[in-house]
Amino acid sequence: MKAMSPEQEAVNAVKSTIGNSVLESKVPRPRRVYIRVKPEAHRKAVSALLQTFPLTTISTITGVDLGETIEINYHLWCGKAEVTIRTNVPKSKPEIETITDIIPGASLYEREVHDLLGINFANHPNMTRLLLPESWPENSYPLRKDWNPEQTGKLSDSSEKTPTIGGVWTENNGSSLVNVVVGPQHPMLHEPERFLFKLDGEIVIDVEPRLGYAHRGIEKGAEHLMFFQDVHLVERVCGICNVAHTTCFCQAVEMLGEIEVPPRALYLRTIVHELNRIHSHLLLLGIAGLEIGFESLFQYIWRDRETVLDLTEKLTGNRVMAEYSTIGGVRRDLTPVLGDEIKRDLRKMKSRLKFYREVFQSDPTVELRTKGIGMLSREEALKLCVVGPVARGSGVRSDVRKHDPYAAYEDAPFDEVLYKDGDSWSRLMVRLDEVDESIDIITWAVDNVPSGPYRTRVPRRMPEGEALSRVEAPRGELIHYVRGNGTAYPERVKIRSPTLANIISFREMIRGCYVADIPAVLVSLDPCFSCTDRMAFIDEKSGRRWIWTMNDLKARRRTL
Amino acid sequence: MSPVSLLKWARLKSPWILHFNSGACNACDIEVVALLTPRYDIERFGVLPKATPRHADVLIATGPVTRQAALRLKRIYEQMPEPKFVIAVGACASSGAPFKKCYNVLGGVDKVIPVDVYVPGCPPKPESILYGVTKLLEKIKEAEE
């Protein structure tokens, strides 16, 4: 008997449990499975998949407005294939049962769909706003096709109210229990986000992030631009991992239009993608140095990072926004001279990495501030469906380049970096080791880049259909889901960036930590935003408020 | 030296900056941070990044203004002591492009607070931001004389 393919295995797992509720199943390309089930059967389908593949994690949930109904797509990675379980809900009664009790990691995705498409997930523990401002009017859902752009509400002061977790806190028995608001203004690099910490003295009891300060509405904006214009829009989702976004989007559109990309372009994409990863990881390691009070490390690492930015500029024309991948290939060619220069500069970088490894492995400051702090166990990491270096720091295999290869990664020689401890230190070390691996990949790609064209001409119109593309961004698995309708404009573009998957685990990590560890733990997550320059402390008993700056916080660092 | 001219001299020699991102994609933000690092080293102009608006003379604003961040940006500007200056870094902070038509974006920083210097680019290179800062210093010098 022929061995069953993983795709077929996934279909059978669902069919054997709820066979009569499966309406349709298809496998359009390797490692992509779409299963349509009857309404109300989605929970059983997800459970069945989880039973057959215990390592299943949820990638995201996409809602698509089809006119009379809204289609809910649950994208799940079962370890060998990306399975999409979909069902329709009527717009007149947009309600569906939650799956958070089966997969807790779905919590934020359900809130996102609720926020932008108005789907009510019954029995969800905390069905509140995620992205849109508090002043946004009720019953106005921007991702619905019949949404009126006038319905954006007035700017009011409602978002300025002091937030609370779980209402009034009554168990105050004389100890100094406080709520701490962090953000959204910061001194340095990070995006504006707000965190509410619940503290017992110095110990963090709970945290709730408030996202949406940087929510711009790119998914809706993408529907109003043509595919080739969208490449430039999605590049600006994130300025740090921009290459991952363009590569991911171009791959999705190429799958949709069945466009053959020249092999040389695939190798060039790999080179720029890895340069981007090195720059992002070094950036983070430097910031980590800053947050643990080791500023010279920050200055050293950022000085060496300039090398990578120079190489990126020489290859793509820009330091940060590479604008390199495009539908059907890449925009510039690599000359042999530049290839040699890349190899030479990265060799130098490799010797600097030895020094940084020594610092991270043996410096007492780094050890005291990161080892054994911000723990995330393997079980929790799987349950919360975290991605990228956060997952790999807890020993979960999650490298998309290895398990769902794209571009030239199928042939590239590299190892998936895994650390088992699950503390801040492991997460930082994963990144340090990945820089090493990235240098090897680039050197290999420069040596082996095939000759030939680096770009093909593509039509502006794309056929009707859908495509789901995954890449390993510096922060983890990035997903673009693109649906075409036969015109030059996409019907729906769904983007799930890795930070949304990881931020949910911050609560698990920070519980029981000290206040002074908040910045170091948060930075080990490598969020595209971070907290803390200013904190308003509110004493629960007297209602007294006072402000601490980041420096005061650092002064309150734990003394051992 | 009179107290007034002493103040002016101090401000020109050491403008303290606050950086706020009101919805940017981080590209401008990392270029602003790159200014602090050895290759660009903006501290040689006496520029010092501060953590709170109450200590800052210059607000470096990046990114388009989102609805959620608009009032925060205004508040931060109001908390800065007079005289205060604003540099809008990047195409988004200058005009909102390419997010101008997105539903959660109001436009450039100048929709909410007055701007003194615009630095174009996506993102501007650290050299351009440096040039923008020196332009602002020239502007302050001329205005007070």
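This is a predicted model: local features need pLDDT of at least 70, side-chain atom pairs count only at pLDDT 80 or more; totals for chains, interfaces and linings use all residues.
Angles under 35 degrees count as roughly parallel, over 145 as roughly antiparallel, 65 to 115 as roughly perpendicular, and the rest as oblique. Residues are numbered from 1 along each chain as its sequence is written, and chains are lettered from A and ligands numbered from 1 in the order in which they are written.

Chain A has 18 helices and 17 strands, where helices (H or I, at least four residues) and strands (E, at least two) are DSSP runs numbered from the N terminus. Of the 560 residues in chain A, 53% are buried, a residue being buried if 20 or more other C-beta atoms, placed from the backbone, lie within 10 Å of its own, exposed if 12 or fewer, and partly exposed in between.

The helices α8 (residues 295-316) and α9 (residues 336-362) of chain A have axes that come within 11 Å and cross at roughly 165°; such axes are lines fitted to C-alpha atoms, for helices over the stretch in contact, and the angles run from 0 to 180 degrees between N-to-C directions. α8(A) and α9(A) are therefore roughly antiparallel to each other. Their crossing is left-handed, a term used if the near helix is turned anticlockwise from the far one by less than a right angle, with right-handed used if clockwise. Among the residues that make this contact are A:Leu297 and A:Ile301 of α8(A), and A:Leu338 and A:Ile342 of α9(A), where two residues are in contact if their C-beta atoms, placed from the backbone, lie within 7 Å. The contact residues of α8(A) and α9(A) divide into nine nonpolar, one polar and four charged; here Ala, Val, Leu, Ile, Met, Phe, Trp, Tyr, Cys and Pro count as nonpolar, Asp, Glu, Lys and Arg as charged, and the others, Gly among them, as polar.

A second pair consists of α5 (residues 227-235) and α6 (residues 242-256) of chain A, whose axes come within 8 Å and cross at roughly 155°. α5(A) and α6(A) are therefore roughly antiparallel to each other, and their crossing is right-handed. On the α5(A) side the contact includes A:Phe227 and A:Val231, and on the α6(A) side it includes A:Phe249 and A:Val253. A:Phe227 and A:Val231 are also among the buried residues of α5(A), and the buried residues of this helix pack against α4 (218-223), α6, β11 (325-326) and β15 (490-496) of chain A.

How many residues of chain B are in contact with chain A? There are 39 of them, and they meet 46 residues of chain A. In chain B, β1 (16-21), α2 (27-34) and α3 (67-79) each supply at least two residues of the side that touches chain A, and the largest share, seven residues, comes from α3(B). By class, this side of chain B has 21 nonpolar, ten polar and eight charged residues. The buried residues of α3(B) include B:Ala69, B:Leu73 and B:Ile76, and what covers the buried residues of α3(B) includes β1, β3 (58-62), β4 (65-66) and β6 (105-107) of chain B.
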